[in-house]
Amino acid sequence: LCFLNLDTDRALVLLEEYCKKLQKPEEQQLKKAIRKVMGIFKSSLFQALLDGFKKKATRHGTTSHISLPAALACDVLGCPKD
């Protein structure tokens with residue numbers, strides 16, 4: 001289940017790299033929004049949700065080939081099961 005933490009860490013790195021490229025005045029609103037998302041990823045609430053998802057995925061045996069954002073969205077929104 002370490003891949004979930006790695007996915008989050010990698011997403012944060014990629015978002016930070018992207019933010020560094022946003023220099024134009026018209027890009028500052030996007031940069032601000034991305035920084036908010038990064039803050040959410042780093043928050044204790046997100047980490048708690050991630051930990052809960054890891055436990056649930058382990059119980060259901062669905063720990064491989066998961067897209068974390070899609071899986072979390074489905075968990076929260078109650079997407080139908082395959």
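Here is a quick tour of the structure above, from its overall layout down to a few single residues.

What you're looking at is a predicted model, so local features need pLDDT of at least 70 and side-chain atom pairs count only at pLDDT 80 or more, while totals for chains, interfaces and linings use all residues. Residues are numbered from 1 along each chain as its sequence is written, and side-chain values use heavy atoms, with hydrogens and water left out. The protein has 4 helices and 0 strands, and 21% of its 82 residues are buried.

**Layout**

- Reading from the N terminus, the elements go α-α-α-α. Helices (H or I, at least four residues) and strands (E, at least two) are DSSP runs, numbered from the N terminus.
- The accessible surface is about 6,200 Å², and carbon and sulfur atoms account for 62% of that. Such areas come from the Shrake-Rupley method with a 1.4 Å probe; for residues, only the protein chains shown count as cover.
- Take the contacts (heavy atoms within 4.5 Å) between residues at least 6 apart in sequence: 44% of them join residues at least 24 apart.

- The mean pLDDT is 76, and 61% of the residues reach 70 or more. That score is the predictor's confidence in each residue, from 0 to 100.

**The nonpolar core**

- The largest nonpolar core has 5 residues: L12, C19, L22, I34 and M38. Here's what counts as a core: buried Ala, Val, Leu, Ile, Met, Phe, Trp, Tyr and Cys residues joined through side-chain atoms within 4.5 Å.
- Helices α1 (2-21) and α2 (28-42) each put at least two residues into this core.
- Setting aside neighbours within four places in sequence, I34 contacts L15, Y18, C19 and L22.

**The salt bridge**

- Search the whole structure and you'll find 1 salt bridge. The term means a side-chain nitrogen of Lys or Arg within 4 Å of a carboxyl oxygen of Asp or Glu.
- The partners are E16 and R35, whose side chains meet at 3.2 Å, N to O. E16 sits in helix α1 and R35 in helix α2, so the pair ties together parts that are 19 residues apart in sequence.
- For the cut-offs, buried means under 20% relative accessible area, exposed over 50%, and partly exposed in between (1.4 Å probe, protein chains only).
- Apart from neighbours within four places in sequence, E16 is in contact with R35 and M38.

- K31, in helix α2, is buried yet has no salt bridge. Its nearest side chain of opposite charge is E16, 7.4 Å away. For charges, Lys and Arg count as positive and Asp and Glu as negative; His and the chain ends are not counted.
- Not counting residues up to four places away in sequence, K31 touches C19, L22 and Q23.
- T8 belongs to helix α1 and counts as buried because its relative accessibility is 5%.
- T8 and L50 are 42 residues apart in sequence, and 9.5 Å apart in space, C-alpha to C-alpha.
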